[in-house]
Amino acid sequence: MKKMFTTVMILMLIAAVGVLQVVTEQNAFAASGKSLYNKSCKSCHGAKGGGAGGPDIREESFNSFKKAVKNGKEGMPAFKSLSSSSIKKIWKYVHI
Ligand code: HEC
């Protein structure tokens, strides 16, 4: 009986560590999107994409978001050096 209790406790511990790891990775993903956003986009699109000089970009689909960032738009410069995964991070950040 005692052995079973120990086994259950160990399994629960392993599960808890797994959950913690996933949460930490998600936070790191959003955090790098945040710093990219603050560096390149915030001046025109405001805090968290809510709009300032540029429009509100929180509802944009990923495809048109990526297109706008890669190609630029009227009044918005193109960010050719941003990789697709960086753009995805920024997109996730403004969609949270
Ligand atoms: C110099 C100011 C400026 C910066 C910096 C800027 N934008 Fe923009 N952005 C604009 C303006 C102005 C528009 C509207 C252009 C239009 O409608 O023709 C726009 C449009 C967009 C759109 C399309 C929205 C729509 O409804 O058509 C997206 C998506 C977007 N920006 C994302 C970004 C992201 C992500 C960054 C940072 C990598 C960024 N922008 C940086 C000014 C800027």
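Modeller: Let's start with burial: a residue is buried if 20 or more other C-beta atoms lie within 10 Å of its own. Keep in mind that this is a predicted model.

Biologist: Thanks! What percentage of the 96 residues of the protein count as buried?

Modeller: Here, 15% of the 96 residues count as buried.

Biologist: Which helices and strands does the protein have, and in what pattern?

Modeller: The protein contains 4 helices and 0 strands, so reading along the sequence gives α-α-α-α, by the DSSP runs that define helices and strands.

Biologist: What should I expect of nonpolar side chains in general?

Modeller: In soluble globular proteins, they tend to be buried together. In this model, the largest nonpolar core has 10 residues, including Tyr-37, Cys-41, Ile-57, Phe-65 and Trp-91. Both α3 and α4 give two or more residues to this core, and α4 gives the most, with 5.

Biologist: How many residues surround the ligand, and which are the closest?

Modeller: The ligand has 19 residues around it, the closest being Cys-41, Cys-44, Gly-54, Gly-75 and Met-76. Helices α2 (42–45) and α3 (62–71) each supply at least two residues of that shell.

Biologist: What is the shell like by class?

Modeller: It has 11 nonpolar, 5 polar and 3 charged residues.

Methods: Residues are numbered from 1 along each chain as its sequence is written. This is a predicted model: local features need pLDDT of at least 70, side-chain atom pairs count only at pLDDT 80 or more; totals for chains, interfaces and linings use all residues. A residue is near a molecule or strand if its C-beta atom, placed from the backbone, lies within 6 Å of it. Ala, Val, Leu, Ile, Met, Phe, Trp, Tyr, Cys and Pro count as nonpolar, Asp, Glu, Lys and Arg as charged, and the others, Gly among them, as polar. A residue is buried if 20 or more other C-beta atoms lie within 10 Å of its own, exposed if 12 or fewer, and partly exposed in between; C-beta atoms are placed from the backbone. A nonpolar core is a set of buried Ala, Val, Leu, Ile, Met, Phe, Trp, Tyr and Cys residues joined through C-beta atoms within 7 Å.
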